[in-house]
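I opened the model and kept notes as I went. The entries follow in the order I looked things up.

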Amino acid sequence: MLENYIKTSPEWLNAKGEEADIAISSRIRLARNIKDIPFAHWAPMNDLEKVTKMIEEAISRIPSLKNADIIRQNDLIPLQKQFLVERHLVSPEHTNSKLGSVIVSEREIISIMINEEDHLRMQVLSSGLNLVDSWQIIAKVEEELSAILPFAFSFDFGYLTACPTNVGTGMRASIMLHLPALSLSNKIEKIIPFLSKVGMVSRGFYGEKSETFGDLFQVSNQITLGKKEEELIEALIKVIRQIIDYEKEERELLRTRGGIQIEDRFKRAYGLLVNAKLIPSREAMELLSIIRLGIHLGFLPSIPTERLNRLLVFTQPAHLQLAIGGASNPALRDRERAELIQRELEIR
């Protein structure tokens, strides 16, 4: 089944949403649990099997997930599990689930993890700054499922979740931002601490507990209790727009005052990407970030943003290995990565 995913690009990489050059993707996730069944980490196997059966039967009955794929973690080898993480379809924690599976809609817009920390982790991923549309999609899915499944709910606290920080709406909204100019000026170091003061948080490329690299920052709401989902989304969008404005100001300063030093930096990064025979994963992400900025500022030849987005995902280790047929050593992966980047940049 994963062969089809290797050959196609998910919708959220298409760079067609608002502010798509800076806001790479929007994601909304809802956590839900089945009433009177222990949370997934504490549930015995028979309860996990019951949860899986209930959710899969419910999903087969709702229009929003018609023709969706069901992928079971226990059917996958470690490389395939890592592929799903790189694709942002499951969390790293879900790959260790005792009985985890993921439902994936057409074009990978909707996905639902079963038996992660919570029984259901529903998410919608879309391109650009697109939280309002994403919310409408996931709210419809949740409404359809709630008509079939008895979700754990408290009139005092809202939806009950395995982690207390998710109680209430159970919603996390996030935007993946590319902020190279703020990183170059070191101003990002002032912005990240500020986020916690307004109820937001910045996470890495793969979400909670993951590293930040390639100047990519995933900014999300930290508060899930005491406010409506629409209020949380509105507050996040307001903060995101401010960050985007700061990034644009710094980009303009680089364009007008960066001088030959910044132009040299862009062209060195481009020269490495188009000439190197071996490119490790981390270096690829850093260089792609620099040339993406250089292209935007007009210092480098134009390359469609969608292609640059694809490279963020398709140069990851599991994607490369599955594309060439299976597990390979780091040197071969680095060579394949260099060749893929050069094909996408139309160098080869």
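Does S154 count as buried or exposed, and at what relative accessibility? I looked it up: S154 counts as buried because its relative accessibility is 16%. Buried here means under 20% relative accessible area, exposed means over 50%, and partly exposed is in between, with a 1.4 Å probe and protein chains only.

**Ground rules.** This is a predicted model, so I noted that local features need pLDDT of at least 70 and side-chain atom pairs count only at pLDDT 80 or more, while totals for chains, interfaces and linings use all residues. Residues are numbered from 1 along each chain as its sequence is written, and side-chain values use heavy atoms, with hydrogens and water left out.

I placed S154 in strand β6, residues 153-154. Helices (H or I, at least four residues) and strands (E, at least two) are DSSP runs, numbered from the N terminus. From S154 I went to E286, 132 residues apart along the chain; their C-alpha atoms are separated by 45 Å. Next I checked K53, in helix α2 (residues 45-59). K53 counts as exposed because its relative accessibility is 55%.

**Helix α3.** I then asked how α3 (78-86) sits in the fold. Seven of its nine residues are buried, so α3 is largely enclosed by the rest of the structure. The buried ones are L79, Q80, K81, F83, L84, V85 and E86. They pack against α1, β2 (69-72), β3, α10 and α11; contact means heavy atoms within 4.5 Å. H88 follows α3 and has a positive phi, near 65 degrees.

**Cores.** I looked for nonpolar cores, meaning sets of buried Ala, Val, Leu, Ile, Met, Phe, Trp, Tyr and Cys residues joined through side-chain atoms within 4.5 Å. The largest has 56 residues. Those with the most contacts inside it are I71, L84, F266, L273, I291 and L345. Elements that each supply at least two residues of this core include α1 (2-7), β3 (101-104), α8 (259-275) and α9 (281-296). The largest share, eight residues, comes from α9. A second, separate core has 49 residues, among them I103, I138, L145 and I233.

**F266 and I295.** Which residues does F266 touch, not counting residues up to four places away in sequence? I found I290, I291, L293, G294, L297, F299 and L300. I295 lies in helix α9. It counts as buried because its relative accessibility is 13%. The C-alpha atoms of I295 and F266 are separated by 8.6 Å, and the two are 29 residues apart along the chain. Leaving aside neighbours within four places in sequence, I295 is in contact with L300, P301, S302, I303 and L308.

**α8 against α9.** The axes of α8 and α9 come within 9 Å and cross at roughly 130 degrees. Axes are lines fitted to C-alpha atoms, for helices over the stretch in contact, and angles run from 0 to 180 degrees between N-to-C directions. The two helices are therefore oblique to each other. Angles under 35 degrees count as roughly parallel, over 145 as roughly antiparallel, 65 to 115 as roughly perpendicular and the rest as oblique. On the α8 side I listed R265, F266, A269, Y270, L272 and L273; on the α9 side, E283, L287, L288, I290, I291, L293 and G294. By class, this contact has 10 nonpolar, one polar and two charged residues. Ala, Val, Leu, Ile, Met, Phe, Trp, Tyr, Cys and Pro count as nonpolar, Asp, Glu, Lys and Arg as charged, and the others, Gly among them, as polar.

**α4 against α7.** I compared a second pair. Helix α4 (residues 131-146) and helix α7 (residues 229-257) pack at about 155 degrees, with axes 10 Å apart. That makes α4 roughly antiparallel to α7. L131, V132 and W135 in α4 meet E229, E230, I233, L236 and I237 in α7. The contact divides into six nonpolar, no polar and two charged residues.

**Positive phi.** N186 is not a glycine, yet its phi is positive, about 65 degrees. N186 sits in the loop between α5 (180-184) and α6 (188-197). D215, also not a glycine, has a positive phi of about 60 degrees. D215 lies in the loop between β9 (200-203) and β10 (216-221), and it counts as buried because its relative accessibility is 18%.
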